[in-house]
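The following note sets out some points for a colleague examining this model. Please read the points alongside the sequence and the coordinates.

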Amino acid sequence: FFNFFCMKITTIWWGNWQSNLLDWLNKKFGDKIEISSIVSMSDDWRTTWELMKAFNNELGLHLPPPWDLRRCLFSLSESKYKSYFKLVFEYTFLNEEKISNFTIFDLFLQVHKEILFFWKETEFKDDLVNFVENQSWELFDYLSKKAKDIFEFKLPLKSTLKWHKFWNILMASLYYNFDKDYDKMLDFMHRLLKVNASVIPVTTKKAFIRAVLWNWEIVETQDKISNEANYSSGIADLELMDSSVDAVHHKKVSKAVEKADFIIIWPGDLFTSIISNFIISWVQKSIKETDAKIIYIWNNTNKWGETMWLTQLDFVNKIERFLWRRIDYFIANNKKPILSQAELESFKSDISVKWWDYIFVSNWERKELERRKIKLIEADLLDDESFYKHSKQKLLNVLEQLFFWE
């Protein structure tokens, strides 16, 4: 009865930070909220990109990137095997044998043995080994009854296993063997992990992005925009690359947006993590037409490249431009920590900062937000053990006020 009246929350971002915040939301509010998580699908770096290239080159198929989805799925898992899943799924292969040589069960056993071997060499070996053995074989028995066929699945790729995570290989193999149907794979992963929330890819089509700079230079792909580009000018626009112009939103996106009481746009890289979702066909239209209140939580710092020189109001303006509507709440940090020289150097060299600095809302920005009827919520949001990340408890306290007391 209560769930019928629970608050419906739709979140939008990519998988890394969103997965952490989803975990916090789930633990804090439980069945008081119903979560739908829309995940960016523009990921094109590290081993995810290598797996996607192998699918394209060897099988002639587009593999929608699994990396960010798996992080969100895991964060929302309510399975009693969650601790064991974390050990197995996050395992990185180091052997250079071909992926096609192994069934899923072969890989599962390989990972299991590696984990046991490692832990037998640690001071915690007894408790940990017992935990792994008990959890793994109980889980194996469960899967043998519920999903025995998947153990025989193979992924016909000549590429090697080296540097790939077990979870990415598992999801790619399920996608390939479930009739190249990404939704079937996701449904299976929801059931396997006992995810009661809904994790939704913003699209399952190609969604490669490019940034147009103010001097008309073009920077292509998420990885280069976010991590590699040596910017000679700021970003003026973000668009889909020619190979991805037909990307249309996943059918569940509109429903998740339409039914939401609140839409939360999490902190993250402005263009590659956030706006990359809004440029997918029909996403903007769905958001424009919803009655949901939109909460925008911005980063505590600026970042070299993507957002250098931007003010807090610049971020709001760009988000609203790509949303096609106004936001309702803007949550911003108002604390600047006192750092030692060593801490300052560590902060400035972090990949999420890259020699930039903290940003705060100015007096004239407060007046402009008030004029536009955007409610500004300023608070100390910094985690006490981090130079720039949000404190989960501080942020959840703010969200609780909005969800249940506003």
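1. This is a predicted model. Within it, K194 lies in the loop that joins helix 8 (182-193) to strand 3 (198-201). The residue deserves a look at its backbone: K194 is not a glycine, yet its phi is positive, near 55°. Its relative accessible area is 42%, so K194 is classed as partly exposed, given that this class runs between 20% and 50%.

2. A second residue with a positive phi is W163, again not a glycine, with a value of about 80°. W163 sits in the loop between helix 6 (125-146) and helix 7. Is this tryptophan, W163, buried or exposed? W163 counts as exposed because its relative accessibility is 51%, and the cut-off for that class is over 50%.

3. Helix 7 covers residues 166-177. After helix 7 comes D179, which has a positive phi near 60°.

4. How many of the 12 residues of helix 7 are buried? The count is 10, and helix 7 is therefore largely enclosed by the rest of the structure. The buried set comprises F166, W167, N168, I169, L170, M171, A172, S173, L174 and Y175. Among them are the aromatic residues F166, W167 and Y175.

5. Turning to the whole chain, the protein contains 16 helices and 10 strands. Its C-alpha trace extends over about 60 × 50 × 45 Å along the principal axes.

6. Of the 406 residues, 56% are buried. Among contacts with a separation of 6 or more, 77% are between residues 24 or more positions apart.

7. The accessible surface amounts to about 19,100 Å², and carbon and sulfur atoms contribute 51% of that area. As to charge, there are 55 positive and 58 negative side chains. The centres of these two sets are 3 Å apart.

Definitions and conventions:
Residues are numbered from 1 along each chain as its sequence is written. This is a predicted model: local features need pLDDT of at least 70, side-chain atom pairs count only at pLDDT 80 or more; totals for chains, interfaces and linings use all residues. Side-chain values use heavy atoms; hydrogens and water are left out. Helices (H or I, at least four residues) and strands (E, at least two) are DSSP runs, numbered from the N terminus. Buried means under 20% relative accessible area, exposed over 50%, partly exposed in between (1.4 Å probe, protein chains only). Contact means heavy atoms within 4.5 Å. Accessible areas come from the Shrake-Rupley method with a 1.4 Å probe; for residues, only the protein chains shown count as cover. Lys and Arg count as positive and Asp and Glu as negative; His and the chain ends are not counted. The place of a charge is taken as NZ of Lys, CZ of Arg, CG of Asp or CD of Glu. The expected span of a helix is 1.5 Å times one less than its number of residues.
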